[in-house]
Amino acid sequence: MKFLHLLSSEASQSITFHCLGDPAYKTKDKFSSSGSMQREDAKPRFIGWNKHAFNTLLEPHLIQDECKIQDGSWHQSHFFFHTQDSRQLPIIDIQEFSSSLLNHQQHLETGPVCFL
């Protein structure tokens, strides 16, 4: 992997969430400092090869988000990563990817990494 990282100036990878009626971006309750309840979006956190989390500076592109449709059918959310720091890929871990529904089914599909 180090050899690929050394020879590459950029990299890309796609990840697909297959879900049965549970959004990839969830809303969770949070208490503010004033004591009032607020709702905030809980995004999945993607951890790269270099152990750093993708954040607002290097956020995946959400190409398709059908997982918010809750009609009892399977849907997909597609994330695409592209970076000019090839050491950030492949994605090795995803945090805050949990189901909020009972008897919920989900599947994660990771695509290959393309080193350029």
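## Aspartate 71

Aspartate 71 sits in the loop between E5 and E6 (strands, E, are DSSP runs of at least two residues, and helices, H or I, of at least four, numbered from the N terminus). This is a predicted model, in which local features need pLDDT of at least 70 and side-chain atom pairs count only at pLDDT 80 or more, while totals for chains, interfaces and linings use all residues. Residues are numbered from 1 along each chain as its sequence is written, and side-chain values use heavy atoms, without hydrogens and water.

Aspartate 71 counts as partly exposed because its relative accessibility is 45% (buried is under 20%, exposed over 50%, partly exposed in between; 1.4 Å probe, protein chains only). Its side chain makes a polar contact with the side chain of histidine 75, at 2.8 Å (N or O atoms within 3.5 Å, one able to donate a hydrogen and the other to accept it; residues adjacent in sequence count only if both atoms are side-chain atoms). A polar atom of the aspartate 71 side chain also lies 3.0 Å from the backbone nitrogen of serine 73. Leucine 20 is 51 residues away in sequence, yet 8.2 Å away in space, C-alpha to C-alpha.

## Backbone geometry in two loops

Lysine 51 has a positive phi, near 70°, and is not glycine. The loop between strand E4 (45-48) and strand E5 (61-65) holds lysine 51. Lysine 51 counts as exposed because its relative accessibility is 61%.

The peptide bond from leucine 89 to proline 90 is cis, with omega near 10°. Proline 90 belongs to the loop between strand E6 (75-83) and strand E7 (91-95).
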